[in-house]
Amino acid sequence: MIIHVDMDAFYASVEERENPEIRGKPLIVGGHPDKRGVVSAANYPARQFGIHSAMPSALAVRKCPDLLIVHPRHRLYREVSQQIADIFWRYTPIIEPLSLDEAFLDCSGSEKLYGDSIRIGEKIKSDIANELELIASVGIAPNKFLAKLASDQGKPDGFTVVMKDQVQDFLDPLPVDRLWGIGKVGSARFKSSGIRTVKELRLADSGVVRNLLGQNSTKIHNLACGIDDRKVTPDSEVKSISQETTFAQNVSDYSAIESTAIYLTESVCYRLRKADLEGRVIKVKIRFEDFHTISRSQTLEGPSNLTQTFWKIVRSLIAEELRGQSFKIRLIGVEVSGFVSDPDQQTSIFDHLQQDNKSANPSRSVDSLTDEIRNRFGRDVIQLGRSVRQRKDP
Ligand SMILES: [Mg+2]
């Protein structure tokens, strides 16, 4: 069995724990409404007003004029996240974090020691409540897909177990958009074909489903039958390094987008080098005025952390999307992932040769020079030509 643990309204709950005076009142953690901030997390009293994450804070305040707005403290949330992970580690090393407040656990190897997965899930939930004064929702099921659905189904303060023989009864009544890979578009198409529930999808004619879903149809039909073979991939390391900027006002100027993108690329590459990481996948995220968000990525042949290498790709991805178009952009982000899993394994004779090549690479010497200056005088002291100064992360 797989366990999925997901903290309830994580940032907001941490803030409530830290400050008893705000406990139980409608509150969000997020940006300031006057500065076009966005809701990062809403507690459950705020959700009763229809407030949810990713919503503009200004809209949230209109929905609930007494709303309390707490500025995010990411360092604190990361610390608490580490404390949660420490609890997981008591029971299993096979932990796959999905975000700061969510993870899959495979406890099948620990059952002799601690009891079955249900018993372990109970212990984790109560350890988190007793030691961290926070509420986790737990889902336990035969695979990842079902475990995640299960934890979500019980929220808040949920504990949902789906046994093997209950899978179809659990899935069948759910709306089709609960299946991974069916977006808004997919569910609208289903609706117009009279398919609303997982059961209706499961029993639908396979030709119809293929028409609606194209190449994903087999995968999604499998999900509808509760089939998901993905393993829990233990990963205590970072999976990606990213940075994004929300503009104070929508930007429609191409060169301003490029300047920001180069700043973000530099910052991300600097962090990669500081963490001694090299990644292969670079992703650009663009959010338009209407909140429509796209991401475009490209994979390198070999891992890198050089600013110039990634900037060339970022620039071309942006050009492909925006050149010659008119646009209004709210947010732009850059992310590098696909890290080499074990840096120690890189130490081979070839790597030494490669290292030599790397130090001879002029981009590398520029990077190490700028890194050194940044390390000594701060991150924003030096930047590549066109990159403009942006506000720092809180
Ligand atoms: Mg959560």
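**Strands, helices and loops**

Me: Over how many bridges do β1 and strand β6 (residues 102-106) pair?

Reply: β1 and β6 pair in the antiparallel sense, where two strands count as paired if DSSP finds at least two bridges between them, and where helices (H or I, at least four residues) and strands (E, at least two) are DSSP runs numbered from the N terminus. The model is a predicted one, in which local features need pLDDT of at least 70 and side-chain atom pairs count only at pLDDT 80 or more, while totals for chains, interfaces and linings use all residues. Residues are numbered from 1 along each chain as its sequence is written. The pairing of β1 with β6 runs over five bridges.

Me: Which residue in β7 does Val5 stand opposite?

Reply: Besides β6, where the bridge partner of His4 is Phe104, strand β1 has a pairing with strand β7 (residues 136-141), again in the antiparallel sense, over six bridges. Within β7, the residue that stands opposite Val5 is Val138.

Me: How many of the residues of strand β1 (residues 2-7) are buried?

Reply: A residue is called buried if 20 or more other C-beta atoms lie within 10 Å of its own, exposed if 12 or fewer, and partly exposed in between, with C-beta atoms placed from the backbone. In a regular strand the side chains alternate between the two faces of the sheet. In β1, Ile2, His4 and Asp6 point one way and Ile3, Val5 and Met7 the other way, and all are buried. The strand is thus mostly covered, and the count of buried residues is six of six.

Me: What percentage of the 394 residues of the protein count as buried?

Reply: The protein has 16 helices and 12 strands. Among its contacts between residues at least 6 apart in sequence, 61% join residues at least 24 apart, a contact being a pair of residues whose C-beta atoms, placed from the backbone, lie within 7 Å. The share of the 394 residues that count as buried is 33%.

Me: Why do the buried residues of helix α11 line one face of the helix, and within what arc do they fall?

Reply: The buried residues of α11 (residues 206-213) are Val209, Leu212 and Leu213. Because they fall within a limited arc when seen down the axis of α11, they line one face of the helix, the arc being that of the directions from the helix axis to the C-beta atoms. The face turned away from this buried side carries the exposed residues Gly207 and Asn211.

Me: Which helices do the buried residues of α11 pack against?

Reply: Just after α11, Gly214 takes a positive phi of about 65 degrees. The packing partners of the buried residues of α11 are α9 (184-192), α10 (198-203) and α12 (217-224).

Me: At roughly what angle do the axes of helix α13 (residues 254-274) and α14 cross?

Reply: Axes are lines fitted to C-alpha atoms, for helices over the stretch in contact, and angles run from 0 to 180 degrees between N-to-C directions. The residues of α13 that meet α14 include Tyr254, Ile257 and Ala261, and those on the α14 side include Phe310, Trp311 and Val314. The axes come within 10 Å and cross at roughly 145 degrees.

Me: Is Thr309 buried or exposed?

Reply: Thr309 is found in helix α14 (residues 307-322), and it touches Ser304 and Ser363, not counting residues up to four places away in sequence. The C-alpha atoms of Thr309 and Ser363, 54 residues apart along the chain, are separated by 8.3 Å. Because Thr309 has 20 other C-beta atoms within 10 Å, its class is buried.

Me: What is the value near which phi of Asp157 lies?

Reply: The loop between α7 (144-153) and β8 (159-161) is the place of Pro156, whose peptide bond from Lys155 is cis, with omega near -10 degrees. Asp157 lies in the loop between α7 and β8, and it is partly exposed because 13 other C-beta atoms lie within 10 Å. Asp157 is a residue other than glycine with a positive phi, and the value is near 55 degrees.

Technical notes
Contact = placed C-beta atoms within 7 Å.
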